[in-house]
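This report examines side-chain contacts in a single protein chain.

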Amino acid sequence: MPTLLIVHHTPSPNCQAMFEAVVSGATAPEIEGVRVVRRAALSATATDVLEADGCLLGTPANLGYMSGALKHFFDQVYYPCLDSTKGRPFGYYVHGGNDVTGAVRAIEAVTTGLGWRRAAETVTVTGEPGKAALELCWELGATLAAGLAD
């Protein structure tokens, strides 16, 4: 059974709402035959990535960068997964108070280095995520999971 790994850092109510919407989309009843595994960024391992068929990442934008927790995740998995996960589908969401540019740039740089393939539009939100933003998060989760079910 294909596995979607959701790696997230969820320190705030806004990030929590986005994470819950992503999980809801990824586990929608109409998407069958995909296992969804959730890991906090500080506990996700290279083994988790190697056992997954796709990854969905979530982070706040902290001080113009991805969270330290997501950076730690990338530091732990980069070399162990570099050769084995090229072409892996992924997607991500970023929440920021007023700007997410640096976090997006950093995630794009690392995932490009890993050779991962973005399989869904990135969701970026500044401020409180409204209904439309949460629907985009739901679609992000559903798109990645459905892509693995094919």
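Is Asp75 buried, exposed or partly exposed? In this predicted model, Asp75 is partly exposed, its relative accessible area being 46%.

## Salt bridges

Side chains of opposite charge can pair when their charged atoms come close. Three salt bridges are present in the structure. One of them joins Asp75 to Lys71, with an N to O distance of 2.7 Å. Both residues belong to helix α3, which spans residues 68-81, and they are four residues apart, or about one turn of the helix. Lys71 is partly exposed, at 29% relative accessibility, and Asp75 is likewise classed as partly exposed, at 46%.

A salt bridge also connects Glu108 with Arg118, at 3.3 Å from N to O. This pair links distant parts of the chain: Glu108 lies in helix α4 (residues 101-114), Arg118 lies in strand β6 (residues 117-118), and the two are 10 residues apart. Glu108 is partly exposed, with a relative accessibility of 24%; Arg118 is partly exposed as well, with a relative accessible area of 39%.

The salt bridge between Arg39 and Asp48 has its closest N and O atoms 3.3 Å apart. Here the partners fall into two classes of accessibility. Arg39 is partly exposed, at 29% relative accessible area, whereas Asp48 counts as buried because its relative accessibility is 12%, below the 20% limit for that class.

## Aromatic pairs

A pair of aromatic rings is described by the distance of the centres and the angle of the planes. The structure contains five aromatic pairs. In the pair of Phe74 and Trp116, the ring centres are 6.5 Å apart and the planes stand at 55 degrees, so the arrangement is tilted. Phe74 lies in helix α3 and Trp116 in the loop between α4 and β6; the pair therefore ties together parts that are 42 residues apart in sequence. Both partners are buried: Phe74 has a relative accessibility of 2%, and Trp116 has one of 7%.

Trp116 also pairs with Phe90, again in a tilted arrangement, with 5.9 Å from centre to centre and 55 degrees between the planes. Phe90 is located in strand β5 (residues 89-96) and Trp116 in the loop between α4 and β6, so that distant parts of the chain, 26 residues apart, are linked. Phe90 is buried, at 2% relative accessibility. What do these rings form together with Phe73 and Tyr92? Phe73, Phe74, Phe90, Tyr92 and Trp116 make up one aromatic cluster.

## Cysteines

A disulfide is a covalent bond between the sulfur atoms of two cysteines. How many disulfides does the structure have? The count is zero, the cut-off being a sulfur-to-sulfur distance within 2.5 Å. For Cys15, the closest cysteine sulfur belongs to Cys137 and is 9.8 Å away, which is too far for a bond. Cys15 is buried, with 2% relative accessible area.

Cys55 is also in no disulfide, as the nearest cysteine sulfur, that of Cys81, lies 8.0 Å away. With a relative accessibility of 0%, Cys55 is classed as buried.

Notes
Residues numbered from 1 in each chain as written. Predicted model: local features only at pLDDT ≥ 70, side-chain atom pairs only at ≥ 80, totals over all residues. Heavy atoms only, no water. Salt bridge = Lys/Arg side-chain N within 4 Å of Asp/Glu carboxyl O. Buried < 20%, exposed > 50% of the residue type's maximum accessible area, 1.4 Å probe, protein only. Phe/Tyr/Trp six-rings, centres within 6.5 Å; stacked < 30°, edge-to-face > 60°.
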